[in-house]
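These exercises concern aromatic rings and the charges placed over them. Please work through each task with the structure open before reading its solution.

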Number of protein chains: 2
Amino acid sequence: MSMLIDGLQYANWSEKIFRQMRAGGVDAVHVTITYHETFRETVLQIEKWNRWFEQFPDLIFQGRTAADVTLARATGRTAIFFGSQNPSCIEDDIGLVEIMHTLGLRFMQLTYNNQSLLATGCYEAEDIGLTRMGKEVVREMNRVGLVVDMSHSGSRSTFHAIEHSSRPIAITHANPHSWHPALRNKSDDLLRALGESGGMLGFSVYPHHLKDGTACTVQSFADMIARTIDLMGEDHVGIGTDLCQDQPDSIVEWMRTGRWSKTVDFGEGSADAPGFPEMPSWFHDNRDFGSIADGLRVTGMGDAVIAKVMGDNWLTFFEKSFGPQDAAGKRNDRAAE
Amino acid sequence: MSMLIDGLQYANWSEKIFRQMRAGGVDAVHVTITYHETFRETVLQIEKWNRWFEQFPDLIFQGRTAADVTLARATGRTAIFFGSQNPSCIEDDIGLVEIMHTLGLRFMQLTYNNQSLLATGCYEAEDIGLTRMGKEVVREMNRVGLVVDMSHSGSRSTFHAIEHSSRPIAITHANPHSWHPALRNKSDDLLRALGESGGMLGFSVYPHHLKDGTACTVQSFADMIARTIDLMGEDHVGIGTDLCQDQPDSIVEWMRTGRWSKTVDFGEGSADAPGFPEMPSWFHDNRDFGSIADGLRVTGMGDAVIAKVMGDNWLTFFEKSFGPQDAAGKRNDRAAE
């Protein structure tokens with residue numbers, strides 16, 4: 001039974017979107033609940049989700065373990081797994097790593113474009129790799145079962161994270177730089193190292209990460225996936241759409257600028273195009289995953305591999321990533337060093 | 001297999017005390033983790049507990065469900081259940097009820113001596129009962145499985161809580177006023193209503209709650225328990241020692257005065273005796289529960305009833321109290337009204 005799992009979304013959530021998830025047969029989604037929010041502000045976001053879980057119990061519930069994906073499939077619902085795109089939510093307090101995990105956080109980016117207390121973002125001029133606190137926090141994330149996500153980090157920091165983490169890490173939403181040379185996309189060397197370490201790449205449908213942007217064809221996207229499998233292996237890739245459905249442009253400003261600057265940072269956009277980019281014609285919402293699977297089929301990919309890409313690889317990754325390290329029984333080889 | 005469960009302690013926790021719990025065969029303890037602390041400060045207390053759980057995994061672990069008491073017994077450890085003696089930790093935000101439950105809170109007092117946002121404490125001149133927010137919060141506590149504890153509340157507020165709560169409430173640490181007329185002890189009418197509603201009383205060994213204070217004999221204490229069973233029934237009583245072992249007097253000042261006054265409130269103490277009172281000779285630490293059981297035996301109480309008092313009643317109460325209301329399958333009769 002193959003699963004449909006999206007490795008990242010940050011929508012303006014509503015009953016409409018939850019119903020589209022069901023219409024699209026989406027079993028699980030890693031949702032961003034926080035960027036630059038403090039711990040207390042992040043808890044307010046969780047409170048908001050708790051209200052949705054209470055309001056729409058027939059559509060969604062909070063996912064905490066891989067088994068919840070199976071439960072979602074069995075009960076016709078979507079399991080929602082929490083993630084943070086920046087470590088602001090743990091402030092300068094390593095004890096908040098376990099607290100956030102208890103509250104259900106399952107992914108945390110060490111950086112969001114900028115230097116953080118933990119590592120360097122992909123927009124900084126210099127990348128110093130993991131900081132002293134960064135190494136401590138990665139070890140703590142490994143211990144409790146909180147996945148290190150390096151989607152918005154610099155290259156050196158990402159190599160450091162792969163090396164330092166005793167459990168596989170993820171790049172939940174990005175594409176190969178060799179396909180589309182955006183600052184957020186990743187080099188072949190890095191992707192190869194990610195795959196060899198047991199980590200996961202989620203392919204992004206966010207136009208700034210796509211060759212030809214909004215005009216990118218589904219076949220170009222699918223061909224890129226097939227080539228990336230040649231590079232990383234068929235077990236280490238999935239989807240991470242970065243779908244930001246129904247968000248007002250004020251949100252992309254918050255994502256990019258938070259409270260760290262008094263002037264606007266356009267991030268991947270520009271002064272001419274400061275808002276959310278228009279999505280490609282073949283992916284607008286959670287009912288459109290079939291177009292990606294169809295595109296993969298056209299590349300000649302077999303059903304078993306397509307199933308891995310569309311969700312089974314994420315499920316396997318969830319199984320080994322979300323529990324406490326000791327209970328998991330096995331660690332990445334590097335943990336023995 | 002009868003259990004040994006203490007319905008409330010607030011010690012200056014240490015490896016020594018955790019080892020005494022094991023030496024005393026204590027299967028579970030409801031520990032106070034917070035009084036006047038804000039949400040964030042309460043989270044810091046949980047972080048401190050997480051460190052202890054990590055440091056002493058062979059002695060203690062965090063209890064979340066009644067099954068954890070059985071697990072504790074089976075693995076020779078003590079399950080630690082969190083509680084708050086005041087609702088400061090939820091601030092003015094009902095969403096924090098579920099957040100605190102997710103973090104493991106299983107008991108919360110609606111008041112600590114003073115008027116709170118939710119109800120009236122036992123030291124106020126007037127008792128207005130449950131406030132508007134109090135009624136909402138009790139309903140939310142019922143929903144998620146967070147026990148309403150009225151140990152430090154006024155009489156009218158406590159009657160209101162019994163009436164308004166759709167699940168049985170607890171008075172985790174107090175004694176009958178008819179035995180010792182302290183402001184913190186409870187009237188026979190209230191205790192009868194508590195028992196009839198399926199609630200629990202935990203008998204306190206804190207000297208200010210004892211007839212003759214520190215000089216109280218174990219037989220006087222045991223006789224009082226036997227008489228209270230005549231009043232409430234044998235299924236609704238347990239132990240709630242209120243043991244404050246190894247605490248400096250600065251702590252009792254924090255407990256009593258928090259940040260609500262610039263002058264010292266002596267609470268149950270006095271200017272002459274402002275600190276913690278000396279414990280009775282027969283109960284100093286977690287190895288002394290046998291003296292209580294022995295005292296009960298002398299009253300002529302049978303082993304089965306003694307087992308209920310020493311822990312089995314708390315276990316039954318935990319079983320029906322800590323899960324979400326719907327999953328529990330049955331609610332208190334009044335819920336149907």
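Predicted model: local features only at pLDDT ≥ 70, side-chain atom pairs only at ≥ 80, totals over all residues.

**Exercise 1.** Classify the aromatic pair of A:Phe107 and A:Trp314, and state which parts of chain A the pair ties together.

*Solution.* Begin with the geometry: the ring centres of A:Phe107 and A:Trp314 lie 6.1 Å apart, with 90° between the planes. Since an angle over 60 degrees counts as edge-to-face, the pair is edge-to-face. Next, place the residues: A:Phe107 belongs to strand β5 (residues 105–109) and A:Trp314 to helix α11 (residues 303–321), so the pair ties together parts that are 207 residues apart in sequence. Finally, consider accessibility: A:Trp314 is buried, at 0% relative accessibility.

**Exercise 2.** Apply the reasoning about ring geometry to B:Phe283 and B:Phe289.

*Solution.* The centres of the B:Phe283 and B:Phe289 rings are 5.0 Å apart and their planes stand at 80°, so this pair is edge-to-face. As for accessibility, both B:Phe283 and B:Phe289 are buried.

**Exercise 3.** Identify the ring over which the charged end of B:Arg106 sits, and then examine A:Arg106 in chain A.

*Solution.* In chain B, the charged end of B:Arg106 is positioned over the ring of B:Phe322, at 6.0 Å from the ring's centre. In chain A, A:Arg106 lies over the face of A:Phe322, and the distance to the ring centre is 6.0 Å.

Definitions and conventions: Residues numbered from 1 in each chain as written. Chains lettered and ligands numbered in written order. Heavy atoms only, no water. Phe/Tyr/Trp six-rings, centres within 6.5 Å; stacked < 30°, edge-to-face > 60°. Helix = DSSP H or I, 4+ residues; strand = E, 2+ residues; numbered from the N terminus. Buried < 20%, exposed > 50% of the residue type's maximum accessible area, 1.4 Å probe, protein only. Lys NZ or Arg CZ within 6 Å of the ring centre and 35° of its normal.
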